[in-house]
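Here are my notes on the model, as numbered points. Please read them with the structure open.

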Amino acid sequence: MNAIEIRNLVKIYRGKKRMVVEALKGLSLDVGQGEVFGFLGPNGAGKSTTIKTLMGLIDPTSGEARIMGECVSSCRARRKVGYLPENPAFYDYLSAEEYLHFVGETHRMTDRDIMSRADDVLRLLELWDSRKRPIRSYSKGMVQRLGLAQVLVHDPDVLILDEPMSGLDPLGRALVKRIIMDLKARGKCVFFSTHITADVESVCDRVGIIVNGNLESVAEVETLMREGIEGYLVRTSSGGVGVETIVEPQKLADFLVETRRAGDEVTLVEPMRRNLEEFFLSVVKGGRC
Ligand SMILES: Nc1ncnc2c1ncn2[C@@H]1O[C@H](COP(=O)(O)OP(=O)(O)OP(=O)(O)O)[C@@H](O)[C@H]1O
Ligand SMILES: [Mg+2]
């Protein structure tokens with residue numbers, strides 16, 4: 001069973017003065033259990049609309065979505081999912097500790113489980129020292145980390161995160177990446193949207209690129225990285241003099257053999273690759289699908 005199944009999702013927003021926005025144009029996608037999926041797209045592409053539909057917060061115009069085999073509007077689906085919204089907002093007169101207890105109660109956890117889980121996630125998200133302060137006194141990054149803490153408290157199977165790295169400093173981003181990798185190791189599915197391609201490169205199994213309501217490309221990150229190698233920078237040393245040469249991928253083996261035969265030392269072989277950002281830009285601009 002897939003963790004997430006999306007079939008032909010169409011969302012048309014209708015507003016005043018006959019305003020019509022076709023935000024999703026027949027999106028289909030499967031994401032497996034234990035998979036980390038990065039959902040990339042420019043502003044207004046339809047990422048949050050997809051995510052809100054997955055959470056049952058908005059109804060699609062047509063099509064359907066399932067979480068762990070359950071229809072997204074059912075209680076059974078919601079029990080299995082944790083959601084970080086794009087702009088998390090909390091009852092800010094509560095402390096983080098009180099808020100996590102409230103979240104645990106809404107998931108019908110026992111008091112004992114809530115206490116131990118809340119303590120764990122407060123420490124994990126580095127909010128332990130501020131746990132008794134009202135949320136209104138938190139910085140933007142602390143609010144974002146509390147957003148992640150409340151996703152983790154009931155230990156869901158599927159985590160749907162709308163821009164989880166947003167507003168975090170490099171330390172906070174590294175922490176979130178570590179948490180995502182730990183979740184993956186525990187067999188959880190993590191589906192997250194982002195604009196930061198480097199974050200996708202380092203943690204995702206697959207990436208989907210959405211442009212203007214269409215899923216333009218779905219690819220394995222490892223394959224993209226491998227196929228993106230355009231050459232190698234080889235540094236050699238001959239009698240203490242260093243030389244750098246750019247070698248085409250198919251000529252690398254011969255080049256290394258020749259270098260050794262000449263008695264020179266190879267001190268560095270570094271792949272020169274097209275990064276995910278360039279791939280993303282080429283998809284968004286219609287260069288490759
Ligand atoms: N409630 C709404 N009413 C009308 N149009 C909407 C509504 N919500 C979103 N849209 C429109 O739907 C399209 C997709 O918006 P969405 O918020 O899903 O994009 P996004 O990919 O999450 O963008 P961002 O990266 O800026 O968060 C946009 O054109 C947006 O203006
Ligand atoms: Mg959004």
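1. K17 counts as exposed because 4 C-beta neighbours lie inside 10 Å. K17 belongs to the loop between β1 (4-14) and β2 (20-31). Its phi is positive, about 50°, although K17 is not a glycine.

2. This is a predicted model, in which local features need pLDDT of at least 70 and side-chain atom pairs count only at pLDDT 80 or more, while totals for chains, interfaces and linings use all residues. Residues are numbered from 1 along each chain as its sequence is written, and chains are lettered from A and ligands numbered from 1 in the order in which they are written.

3. M68 also has a positive phi, about 45°, and is not a glycine. Most residues other than glycine have a negative phi. M68 sits in the loop between β4 (62-67) and β5 (70-71). Strands are DSSP runs of E, at least two residues, and helices runs of H or I, at least four, numbered from the N terminus. M68 is partly exposed, because 19 other C-beta atoms lie within 10 Å.

4. Ligand 1 is surrounded by 13 residues, the closest being Y13, A23, K47, S48 and T49. A residue is near a molecule if its C-beta atom, placed from the backbone, lies within 6 Å of it. β2 and α1 (47-54) are the elements that give two or more residues to this shell, and α1 gives the most, with three.

How values were computed. A residue is buried if 20 or more other C-beta atoms lie within 10 Å of its own, exposed if 12 or fewer, and partly exposed in between; C-beta atoms are placed from the backbone.
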